[in-house]
Amino acid sequence: MSTQLLIGGRFYSSSSPDATAMAVTDGTVVWLGAEQPGRALHPDAEIIDLGGAFVAPAFVDPHVHVTALGLKLTGLDLSLARSLAHCLELLRDFAVAHPEGAILGDGWDETGWAERRPPTVEEIDAAANGRQVYLSRVDAHSAVVSSALLDAVPEVAAATGFRRGEPLRAAAHHLVRTTVLAGLDRAQRDRARRAALDAAAARGIVAVHECAGPEIAGRTDVRELLEFKHGVEVRAYWGELVRTADEARALVEELGVHALGGDLFVDGSLGSHTAWLREPYADDAGSGIGYIDTDAIAAHVRACTEAGIQAGFHVIGDAAMDAVVAGFERVVTALGGPAVAARGHRVEHAEMIDAEQIGKLGAWGVIASVQPVFDATWGGRDGMYAARLGAERAATLNPFAAMAAAGIALAIGSDAPVTAVDPWSAVRAAVQHRTAGHGLSPRAAFAAATRGAWRAGGVRDGIAGTLVPGAPASYAVWDADELVVAAAADTVQRWSTDPRSRVPGLPPLELNSTLPTCLRTVHRGVTIHEA
């Protein structure tokens, strides 16, 4: 047996909120308390002096696209573009610096530019000197591409979502994305995966949920990712419909994935005008796109429930949520609520959800995988959501407090590369929601990014995502400011530093607070990142 005794720290532990030391034996937390008894109980332990650092359960990100994130980190990152002109300048510079092969870029968002429009095909051709170029919008639900890439996929002109002079959406977008990704070799994909998982580990993340699918990165990508060796654990979701339990089991076995959900698209995104709405967009005549209907949703949920497999769906618009809830309701009627709840099925994003739907999903044990940085980035009265929906509808989005109050288990993540893998920013965004009354308490938000995210991945032992004796030693060490304790309600003092509260403290999460910096990340006793 090998034991490490961590001393001189501040520990986020419900069982020992005033602990300054923690013992770990063979990857398991075995004891927390004061340093002196810790040394007496573990005289042969390796001593690790934390120097006052903050130690907390490591994060899990329940919604990522690993290879896509890595390609953004190692390639053309257009989230840096401050304007259309700057976007084209970044493309031009990248083309000069990388003269061979197709150009993949990610992250442009025209809603923050003075020009308020994406690049045209002609502008892309000029900036990249006629090469194949694929530039994905920040939400990954539309893209602008070059003439050379359009010529390489002639069938795109007849596909749903193709309108000359506009970004490619829906099937047209999926066709060109599949083509350009097929041009990458294994070394490029592995380099991207390592960059993405290294970035996750450097931010205190020990596990991620890959949301893969046939229209995202394909079978080869998910198989390679599951073969890829890295200290960050990967749980893979595959977004493809099934109709029978046998079909569900066969698909899971064929691909080696863990569940049939994640980005199984019921609709698209608000930014790309493809989220499926009950009423038209405020800035567009359309109501988005519904990719699958209630019959298909019900068949999938029933097949997965009977097969003992977790199911899930990407759902953003209110009409899409109508279809999802109706599909679940059919299966609850047929199989019973307990059978459905036992599987811990998921909805991803769930941004437009009303009180009745919240109550039903909570009663059926459906987990919501949410991304609070969406609200921080696009929420508020002057944000993109208000532009797409109008201020009144936009103010109903992402009602985290109501969801949690109704018993919906929340799991907080990033949808990287849509937003950065930065869990403290996500936790803060959940607390500092841009719509009054929708935010979570700091403790609830932190729990949703740790214990809640483990639960969303099927781990229901009650100790994963905690630091208590018997829990896996999966933790992160942080350089953090003075810890504070959240009060239970907004009607009382929000923060307390009184140790008599016997509640573990967290770093301050105000908008102007400095967020913690990761010093070390450990998963089941193994260090996977050290600054």
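Which residues in H18 are buried? In this predicted model, the buried residues of H18 are Pro423, Trp424, Ala426, Val427, Arg428, Ala429, Ala430 and Val431.

**View 1. Helix H18 is mostly covered.** The helix spans residues 423–431, and eight of its nine residues are buried. Among the buried residues are Trp424, Val427 and Arg428. An α-helix has 3.6 residues a turn, so residues three or four places apart point the same way.

View 2. Strand E13 comprises residues 205–212, and eight of its eight residues are buried.

**View 3. A right-handed β-α-β unit is made by E13, H8 and E14.** Helix H8 covers residues 218–227.

**View 4. Leu361 lies in the largest nonpolar core.** This core holds 84 residues, of which Leu361 and Met403 touch the most other members. Helix H11 (residues 318–335) supplies the largest share of the core, eight residues. When neighbours within four places in sequence are left aside, Leu361 is in contact with Met321, Val325, Phe328, Val347, Ile353, Val366 and Ile408.

**View 5. Another core lies apart from the largest one.** This core has 19 residues, including Leu88, Leu90, Leu91 and Trp113.

Notes
Residues numbered from 1 in each chain as written. Predicted model: local features only at pLDDT ≥ 70, side-chain atom pairs only at ≥ 80, totals over all residues. Heavy atoms only, no water. Buried < 20%, exposed > 50% of the residue type's maximum accessible area, 1.4 Å probe, protein only. Helix = DSSP H or I, 4+ residues; strand = E, 2+ residues; numbered from the N terminus. Right-handed = clockwise from strand over helix to strand, strands pointing away. Core = buried A, V, L, I, M, F, W, Y, C linked by side-chain atoms within 4.5 Å. Contact = heavy atoms within 4.5 Å.
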